[in-house]
Amino acid sequence: MSLEIDISKTVGDIKLSKKFKLEEEIMIFYGPSGSGKTTILNCISGLNTPDEGEIKLNGKTIYSAKKRINIPPFKRKIGYIFQDYALFPHLNVYENILYSKKDDDLDKDKIDKIMDKCHIRDLKSRYPSKLSGGEKQRVALARALMIEPELLLLDEPLSSIDNELKNKLMNEIKLVQREWKIPFIYVTHSKREFKFLGDRFISFNSTEEVNFNEYKKNIS
């Protein structure tokens with residue numbers, strides 16, 4: 001599994017340009033709010049359109065300005081966990097995680113396995129209003145995994161979680177990535193999440209290439 005990206009996107013007076021290749025690892029988009037992390041994430045998912053460049057997922061071009069290719073988001077095989085989780089309030093947990101699946105495309109064993117992996121099987125009948133922040137995060141993760149993604153995008157998924165629970169959820173995210181063996185891109189401005197989860201990173205503080213291990217030491 002791999003992602004190749006070489007794109008530019010202008011937002012206001014700022015031109016964002018990112019080029020990298022990501023394998024089966026966790027890449028951190030690290031930097032302050034407003035630095036363009038979510039904009040680039042949305043360009044990868046297809047929710048935003050870059051101004052120029054190309055994006056390939058597992059060798060398949062999903063966006064190319066030159067070739068006029070722009071695969072719609074629902075056909076990109078990309079899971080996306082939003083900062084507010086974007087759960088449907090009128091659907092229970094079970095209905096939320098199955099939202100993108102058709103009735104004739106349901107595999108009960110796979111559903112049970114994903115719910116068990118995310119520790120939400122006993123929550124299946126609850127509605128989002130009755131869930132804690134950590135429970136919502138697990139439901140959002142389960143829903144993203146149900147589409148069998150080739151890439152998972154996580155936009156500050158733990159920003160509203162208390163510190164005690166955050167440690168457990170960070171460990172669960174890392175374990176899921178190691179088991180599924182797909183690229184993860186994780187957006188954060190938290191030093192703690194950066195240091196624990198990151199295999200690689202792109203700093204949105206600077207356009208310069210930075211040594212990952214040295215940078216990790218310096219943000220202690």
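What share of the 220 residues of the chain counts as buried? The figure is 49%, where buried means under 20% relative accessible area, exposed over 50% and partly exposed in between, with a 1.4 Å probe and protein chains only.

Before you click, know that this is a predicted model, in which local features need pLDDT of at least 70, side-chain atom pairs count only at pLDDT 80 or more, and totals for chains, interfaces and linings use all residues. Residues are numbered from 1 along each chain as its sequence is written, and side-chain values use heavy atoms, leaving out hydrogens and water.

**Stop 1: the whole chain.** Show it as a cartoon and look for seven helices and 10 strands; these are DSSP runs (helices H or I, at least four residues; strands E, at least two), numbered from the N terminus. Next, display the C-alpha trace, which spans about 50 × 45 × 30 Å along its principal axes.

**Stop 2: contacts.** Contact means heavy atoms within 4.5 Å. Among contacts between residues at least 6 apart in sequence, 68% join residues at least 24 apart.

**Stop 3: Gly31.** Select Gly31, in the loop between β3 (26-30) and α1 (37-45). Gly31 is buried, with a relative accessible area of 4%.

Stop 4: Pick the C-alpha atoms of Gly31 and Ser64. These residues are 33 apart along the chain, and the two atoms are separated by 27 Å.
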